[in-house]
Structure formats: structure tokens, C-alpha cells
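Open the model in your viewer and keep the selection tool at hand. Each stop below says what to select and what to look for.

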Amino acid sequence: MIRFEQVVKIYAGGQTAVDDLTFEAPTGQITVLVGPSGCGKTTSLRMINRMIEPTSGHISIDDEDVQSVNAARLRRGIGYVIQNAGLFPNKRVVDNVATVPILLGAPRSQARTRAREVLELVGLPGDFADRWPSQLSGGQQQRVGVARALAADPPVMLMDEPFSAVDPVVREQLQDEFLRLQRELGKTIVFVTHDIDEALKLGDQIAVMRVGGKLAQLADPAYLLAHPIDDFVAGFVGRDRGYRALTFAQTPALPLAAEPTVPLGTTPQEARAATRDGWLLVADHGRPVGWVEPEHITAAIEPAMLHRGGTVARATGPLRAALDAALSSPSRRGVITDDDGILLGTVRAHQVLEAIEATDRPEVDEADIAPAGPTSRADR
Amino acid sequence: MLSFIHGHWSDILSRAIDHAWLAGLPLLLGLAISLPLGWLARRASWLRVILVGGSSLLYTIPSLALFVLMPIVVKTTITDPVNVIIAMTIYTVALLVRTVADALGAVSDETRQAAIAMGYTPIRRFFGVELPLAVPVISAGLRVAAVSNVAIVSVAALLGIRQLGFYLTDGYQLNYWAEVWTGIVACLVLALIFDVLIQAITRVITPWQRAVAS
């Protein structure tokens, strides 16, 4: 657990970067610091590994004050991932990753073996290890950056906008893999980003900071979307909050209707006989593959004929996916499957909405009911 | 000129070797001194003013004056080659301190921050990250210093120290132009050898510079 206690950072010019920051980043979870530029989120992060020293206040890791540890030794025990990866251009990928184990005194060969293992873990197997950083794409460099931070297996990781310099498709891929990795490794992570969607996706807990280095609100993603504490947080969290909050709501048992299906290769005559309302679901060994309109086909069903607009939701997934399946389906019947992708049945949008109305929303924390006036909890 | 070269081949070669020592050894000594000074110059702006400004000033001292003054300072005889070695080292430092400081300054801040965050101590960071990345720029400065040294060393002929400059003074006095030309060409060839050697070494120790994106 990382604890900030009344941490203040005032730079030499007199500018306050972080103002009376107090919060805890729980062990094994991802705490995201998010806010506009100039809110002190990176300064806060760098005070944890003493790249920046606080003006006053205390930061501790597992109840040990970071000020009491030699700075270089402290840093070797904390993984750090920087924007643009910040790889050493003069070291091969494997040696970049082996950096911290070698600093910790591991023999070179052993450190390299470990480095290759970690590279495999982040999806860069085999000959990637022997390349130079300049020979990798931005996304690959970022993976190496993550591997370098993980190489010495530190319990704590600090990540400073690690995915913001890559294109959106690669970013999403890196985020998904990062979450998968975190489920396996369970590190205590403090993650800095200016992107609220990234914060909502990755954070177990989100600290929204405002310009001037003040903590505006600290909450889990569902709570933040449901109950932003003031106009600043509401504005920062953005529009579609109600809909986006469904991402964090588990789908309850939906009233599923049985859906007749036909396999690929079905003739137009058979298909017309099987349909009830003009649309027919095609499944391959129980897995839904798409919708067809039997009226409009003249040959046996093949993949190229299938309507691909409808999304598929897992029964155990978030409500947002179930609602989207219903909204996007050409037959207006949302396709629901089990975790293996086997069809369970279909559901209509009004049924999903009824389920949404029946679910509990996060209860408002007593402490968040602000008194009269514009002050919020963190300002008091 | 060819007949002069033919007739004096072994003399030319031995003078060239002497000349190479007088120009080359100070290059190594000067580099060894400039690295810590250049590193120090990066630590604080007032240090930079003193070290870079001061060392650059050294280059303005006329070489002949330095050769003549050296025996008084280090208690050697006027014809001792050590005078030349020390004087040339001073010139090398004069050229390289700024280069080293600039080369270290050109290492990207991102890389430096990453090294700090990984837990490098300042000394290990210097040798493990900053110095290797500064090599290409330092090497460029070293090439200038090498050529400059080869040229300045020939002035020491006026003091009777054995090297290639002798052909210039001797040939001039005898009005024997083949000898003068031999001295010039020999100096050129020597400077070229230094230049190629420095480039080759740089190439070998900076393999990442040749890496092509795949």
C-alpha cells in the first residue's frame, strides 16, 4: 500500500504543483491519477520514487517512509514505465530489460535469461530480444518498457502515461494485455493519465485531480460515473455517464427467448420456413455467426451473405454489452451467449432496460453530500 | 619529390612515427581529462562558464609560446618531447571540454529520466548510458582535435624536436621544395590515418547507430 499524507510540492519558482494530497493506493490494485495538464499528477507519481522530493508531507510504501531509503535503492524496487518507453538506445532490447536485475547485482547471463522470460510475458518472444530499440514500433517499444519495469518483479509499479503515444488501436490492445497481466501479477500500481476513458477502463480506484494539485474526488469507476462530486469532476468525466456506467454493472439474469438457428449451407427454402419475422440467426456449431434475411437470398447461406451489424453479448458480461447487442441487432433481438460463445438466447432492448432499472446504483457516500456552497470534500 | 621520398624513406617513416606519438598521445590524455571536466560542466551553469570558457581560452595561447614556456613550468629541457606532449594535451582539452559537455547535454531527457527511475547511481548512469550515447558527438570533436594536433605539432620543429615539421623548416632554408612538399603530404596522410582510425573505432563501439529499422 502506498500512502500519501498531506503531501505538498511547491517548485522553486513558487508554483504549487501538489497541494495537501492525502490518499492511499491499495496493495494489488491499480490506482489511476487523472486530471488536466498542470494538475500535478506526474509530480505526485515522481515523488513516490523520489525523482522529485516533496516540500512537506510524507509518502510511505507499506508503512515505510520513502525518505528513509536510499533513493537509487528505492527506485530499483519500484517498476517505472515512462511515456514513449524511454528505452536506452545504446542497449539491445534484452539488455534494456535486464537493466534493473543487473543494477541489483544479478550476473549478466542470469539477468538476460530473466529478461527473455519477461519479454515473452509481454508478447515479444524470440528474436525481438536481440534487436535495438530503434528497430521496434512504438507499441513494441512500450511493451519493452513494461517488461523492463517488471524484470526485477517489483511489488510496486509506477506508470506515467505509458500508452498515450501510440495509435488508438494499439493503445486498446496494450491496455487489454496490461489488464490481463495485472490479473496474473497483482502489482500495486499507480497509473497517471490525462485520458478519463483510460482511467475508467484500467482503474480499480480513480483519483481525479484539478489544476493546482488538489484531489477533487477519489472513487471507483462506477461511483465516479454515478456520483461526480462537483461540476469539475462531472465535466471531466464527460457526457454519456449513465450509459458508460453500464460498463461496470454486471448483467443480471435476463429473460432470454429461445432463438431458432440454421447452419451455414441452409437452402433459401429451408431458411424461409425457419424464419418468424424476416430475420434468421445463423449459427456454426452453436456459435452465432450473423443474421440473414431469407426473403432476399437465392442460394445456400454462405458467410458473405451474413449481416454483421449485430454485436454479441456474454450473459456474464456488463449490462452495456447486453444493451448494445439489443440496440445493434437488425432483428432487434440481442444475441446473448455463454462464456464459450455458445448461443443462450435473445433479449429485446426493453427487457434490458427493465433489468437496468432493477439494478442497484452505487449508493451515495454520506461524506460526498456537500454542504451548501461550492466547496467539495477535498477542498474542506 | 618522389626521388626525395625514395632516398629518405626510413627517415620519413621514423619521423612520422614520432609525429604520430606527439599528436596521438595528447589526444588520449586530453580525452581522459576532458570527460570528467565536461561532465562537471553539465552539473552547474557557473561551472560550465568557468570550465568551457576557461578551456577555450587555452586554445588562444600561441603554440610556439607554449612549447617555449613549458620547460620553465615543468622543469624539462627545451628539446624534451614531454613539452610537446603536455602542450598538445592542453590544446586537446581546450577543444574537447565543450564538445563533451555538449555531447552529454544532447542525450535525451527521456532517456536520462528513465535511467534515474531505474535506479542508476550518477556514476553508473554516466558510464552505462550517457557516455555511450555521447560517443558520436565526442568522436566528431576528437577528429577535429586530431587534425589540429597533427598540424600544430609540426611547429615544434623550430625547437629541434624530431617530427615531420623538420622537412618544412629544413626544406625552406635550403630552398628545396621537394622536401617541403614531402613534409606537407606526410602530415596530410598522418591526419587522414588518425581520422579514419577514430571513425572506425566509433563505428565499432556504437553498433546501435548502424541498426536499421526492420
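**Stop 1: B:Ile5.** Select B:Ile5 and show what surrounds this residue. Which residues is B:Ile5 in contact with, leaving aside its neighbours within four places in sequence? They are B:Ile12 and B:Thr182. This is a predicted model, so keep its confidence scores in view as you go.

Colour helix H1 of chain B, where B:Ile5 lies. B:Glu179 is 174 residues from B:Ile5 in sequence. In space, the two are 8.2 Å apart, C-alpha to C-alpha. Is B:Ile5 buried, exposed or partly exposed? Count its C-beta neighbours inside 10 Å: there are 15, so B:Ile5 is partly exposed. A residue needs 20 or more to be buried, and 12 or fewer to be exposed.

**Stop 2: confidence in chain B.** Colour chain B by pLDDT. The average is 89, and 99% of the residues of chain B score at least 70. Helix H1 of chain B, residues 2-7, is where confidence in this chain is lowest, at a mean of 80. Confidence is highest in H6(B), at 94. For the model, the scores are ipTM 0.83 and pTM 0.81.

**Stop 3: where the chains meet.** Show both chains and select the contact between them. Chain A brings 19 residues and chain B brings 17. On the chain B side, pick out helix H6 (109-118) and helix H7 (122-153), each of which supplies at least two residues. H6(B) gives the most to this side, with seven residues. Colour the chain B side by residue class: 11 residues are nonpolar, five are polar and one is charged.

**Stop 4: chain A as a whole.** Chain A has 14 helices and 16 strands. Chain A has 380 residues, of which 42% count as buried. Look at the contacts between residues at least 6 apart in sequence; 60% of these join residues at least 24 apart.

**Stop 5: a helix pair.** Select helix H13 (residues 319-328) and helix H14 (residues 349-358) of chain A. Their axes are 8 Å apart, and the helices pack at an angle of about 160 degrees. Angles over 145 degrees count as roughly antiparallel, and H13(A) and H14(A) are therefore roughly antiparallel to each other. Their crossing is left-handed.

Show the side chains. H13(A) makes the contact with A:Leu319, A:Ala322, A:Leu323, A:Ala326 and A:Leu327. From H14(A) come A:Ala349, A:Val352, A:Ala355 and A:Ile356.

**Stop 6: two positive phi angles.** Most residues other than glycine have a negative phi. Go to A:Arg50, in the loop between helix H1 (41-48) and strand S4 (56-61) of chain A. A:Arg50 is not a glycine, yet its phi is positive, about 65 degrees. A:Arg50 counts as buried because it has 20 C-beta neighbours inside 10 Å.

Move on to A:Asp63, in the loop between S4 and strand S5 (64-65) of chain A. A:Asp63 also is not a glycine and has a positive phi of about 65 degrees. Is A:Asp63 buried or exposed? A:Asp63 counts as exposed, because it has 7 C-beta neighbours inside 10 Å.

How values were computed
Residues are numbered from 1 along each chain as its sequence is written. Chains are lettered from A and ligands numbered from 1 in the order in which they are written. Two residues are in contact if their C-beta atoms, placed from the backbone, lie within 7 Å. Helices (H or I, at least four residues) and strands (E, at least two) are DSSP runs, numbered from the N terminus. Ala, Val, Leu, Ile, Met, Phe, Trp, Tyr, Cys and Pro count as nonpolar, Asp, Glu, Lys and Arg as charged, and the others, Gly among them, as polar. pLDDT is the predictor's confidence in each residue, from 0 to 100. Axes are lines fitted to C-alpha atoms, for helices over the stretch in contact, and angles run from 0 to 180 degrees between N-to-C directions. Angles under 35 degrees count as roughly parallel, over 145 as roughly antiparallel, 65 to 115 as roughly perpendicular and the rest as oblique. A crossing is left-handed if the near helix is turned anticlockwise from the far one by less than a right angle, and right-handed if clockwise.
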